[in-house]
Amino acid sequence: MVKKITNNDLNEAKKGAAVVDFSAVWCGPCQMLAPVMEELSEELSGKAEFYNADSDENMELAQEYRIVSIPAVIVLKDGVEVARTVGFQPKDAMRSFIEEHLN
């Protein structure tokens, strides 16, 4: 399950491994990526927590992580960014990217 981030609150995602998808409702590639992230959150359950942050609703957070293009997917380990990818990727490519940076 992908958890929704509200009020710029990323504290829960700063414990252990987390994957944060920055997106917006008006962004076509973001809408294409959402079901991919939902599937991966189920398949990688126990390895990482998955989050979605609407960059319009969480502007402070988007600025803190220097989000300039969306969708942007960031992998965090104990709150520290270890990897980032920008733009839509098919499920297999996104899964490889996430798994590579969780290990």
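This is a predicted model: local features need pLDDT of at least 70, side-chain atom pairs count only at pLDDT 80 or more; totals for chains, interfaces and linings use all residues.
**Entry 1**

I noted the conventions before going on: residues are numbered from 1 along each chain as its sequence is written, and side-chain values use heavy atoms, with hydrogens and water left out. Local features need pLDDT of at least 70 and side-chain atom pairs count only at pLDDT 80 or more, while totals for chains, interfaces and linings use all residues.

Are C27 and C30 buried or exposed? I took buried to mean under 20% relative accessible area, exposed over 50%, and partly exposed in between, with a 1.4 Å probe and protein chains only. C27 is buried, with a relative accessible area of 5%, and C30 is buried as well, at 2%.

I then looked up what C30 touches, taking contact to mean heavy atoms within 4.5 Å. Leaving aside neighbours within four places in sequence, C30 is in contact with S23, A24, I70 and P71. I also checked C30 against L61, which is 31 residues away along the chain, and their C-alpha atoms are separated by 17 Å.

**Entry 2: helix α1**

C30 has its place in helix α1, which covers residues 28-43; here helices (H or I, at least four residues) and strands (E, at least two) are DSSP runs, numbered from the N terminus. The 16 residues of α1 should span 22 Å, and the end C-alpha atoms are 24 Å apart, which agrees.

Where does α1 bend? I found a bend of about 25° at A34, and a proline, P35, follows within four residues. The bend at a residue is the angle between axes fitted to the seven residues ending there and the seven starting there.

I listed the buried residues of α1 as C30, L33, V36, M37, L40 and S41. I recalled that an α-helix has 3.6 residues a turn, so residues three or four places apart point the same way. The cover over the buried residues of α1 includes β1 (2-5), β2, β3, β4 and α3.

**Entry 3: salt bridges**

I searched for salt bridges, each being a side-chain nitrogen of Lys or Arg within 4 Å of a carboxyl oxygen of Asp or Glu, and the count by this rule comes to eight.

E39 and K91 form one of them, with the closest N and O atoms 2.8 Å apart. E39 lies in helix α1 and K91 in helix α3 (residues 91-102), so this pair ties together parts that are 52 residues apart in sequence. E39 is partly exposed at 40% relative accessible area, and K91 is partly exposed at 24%.

K91 also meets E43 in a salt bridge, at 2.5 Å from N to O. E43 is in α1 and K91 in α3, so the pair joins parts that are 48 residues apart in sequence. E43 is partly exposed, with a relative accessible area of 37%.

I found a further salt bridge between K47 and E99, at 4.0 Å from N to O. K47 lies in the loop between α1 and β3 (49-54) and E99 in helix α3, so the pair ties together parts 52 residues apart in sequence. K47 is exposed at 51%, whereas E99 is partly exposed at 23%.

Which residues are linked in a network of salt bridges? I noted E39, E43, K47, K91, R95 and E99.

**Entry 4: nonpolar cores**

I took a nonpolar core to be a set of buried Ala, Val, Leu, Ile, Met, Phe, Trp, Tyr and Cys residues joined through side-chain atoms within 4.5 Å. The largest one has 19 residues, and those with the most contacts inside it are L10, V20, F22, Y65 and I67. At least two residues of this core come from each of β2 (17-23), β3, α2 (59-64) and β4 (72-77). Apart from it lies another core, of 15 residues, among them A48, F50, I98 and L102.

I67 lies in the loop between α2 and β4 and is buried at 15% relative accessibility. Not counting residues up to four places away in sequence, I67 touches F22, A62, A72, I74 and R84.

Notes
The expected span of a helix is 1.5 Å times one less than its number of residues.
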